[in-house]
Amino acid sequence: MNVGVVGGGFGLYGWLPAVEGMKGATAVTWSRYLPTLQKRPELRHLEHRVHWVSRTEELLQLCDTLIVAV
């Protein structure tokens with residue numbers, strides 16, 4: 001199951017790790033959040049576990065569920 005996460009604050013720091021911890025789930029989010037994630041040592045381990053996309057259309061097409069935390 002692909003779970004989209006939108007939101008560069010709590011979405012990135014709260015929901016992204018939560019989705020990554022769900023069995024059978026892959027987090028999908030915008031690649032524009034990647035530099036922010038890379039600056040946070042406690043989140044860097046997620047970099048290669050998240051599916052990064054550049055376009056909203058791609059995010060919506062890939063996801064079974066969408067979390068909006070803005």
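First, the ground rules. The model is predicted, so local features need pLDDT of at least 70 and side-chain atom pairs count only at pLDDT 80 or more, while totals for chains, interfaces and linings use all residues. Residues are numbered from 1 along each chain as its sequence is written, and side-chain values use heavy atoms, with hydrogens and water left out.

Let me start with the overall layout. The protein has 3 helices and 4 strands; helices are DSSP runs of H or I with at least four residues, strands are runs of E with at least two, and both are numbered from the N terminus. Along the sequence the order is β-α-β-α-β-α-β.

On dimensions, the C-alpha atoms fill a box of roughly 30 × 25 × 20 Å along the principal axes. The radius of gyration is 11 Å, which agrees with the value near 11 Å for a compact globule of 70 residues. That radius is taken over C-alpha atoms, and the globule rule is 2.2 Å times the number of residues to the power 0.38.

The accessible surface is about 4200 Å², and carbon and sulfur atoms hold 54% of that surface. Areas come from the Shrake-Rupley method with a 1.4 Å probe, and for residues only the protein chains shown count as cover. Of the 70 residues, 37% are buried. Here buried means under 20% relative accessible area, exposed means over 50%, and partly exposed is in between, with a 1.4 Å probe and protein chains only. As for contacts, meaning heavy atoms within 4.5 Å, take those between residues at least 6 apart in sequence: 59% of them join residues at least 24 apart.

Now to strand E2. What does E2 pair with? One partner is E1, residues 2–6, in the parallel sense over 3 bridges; strands count as paired if DSSP finds at least two bridges between them. Within that pairing, Val3 has Ala27 of E2 as its bridge partner. Between E1 and E2 the chain passes through helix H1, residues 10–20, and this β-α-β crossover is right-handed. Right-handed means that, with the strands pointing away from the viewer, the path from the first strand over the helix to the second runs clockwise.

E2 also pairs with E3, residues 51–53, again parallel and over 3 bridges. There, Val28 stands opposite His51 of E3.

Last, the salt bridges. A salt bridge is a side-chain nitrogen of Lys or Arg within 4 Å of a carboxyl oxygen of Asp or Glu, and that rule gives a count of 3.

One joins Arg49 to Glu20, with the closest N and O atoms 2.8 Å apart. Arg49 lies in the loop between helix H2 (34–38) and E3, and Glu20 is in H1, so this pair ties together parts that are 29 residues apart in sequence. Arg49 is partly exposed at 47% relative accessibility, and Glu20 is partly exposed at 24%.

Another is between Arg40 and Glu42, at 2.6 Å from N to O. Arg40 is partly exposed at 31%, as is Glu42 at 43%.

Then there is Glu57 with Arg55, at 3.7 Å from N to O. Glu57 is partly exposed at 44%, and Arg55 is partly exposed at 48%.
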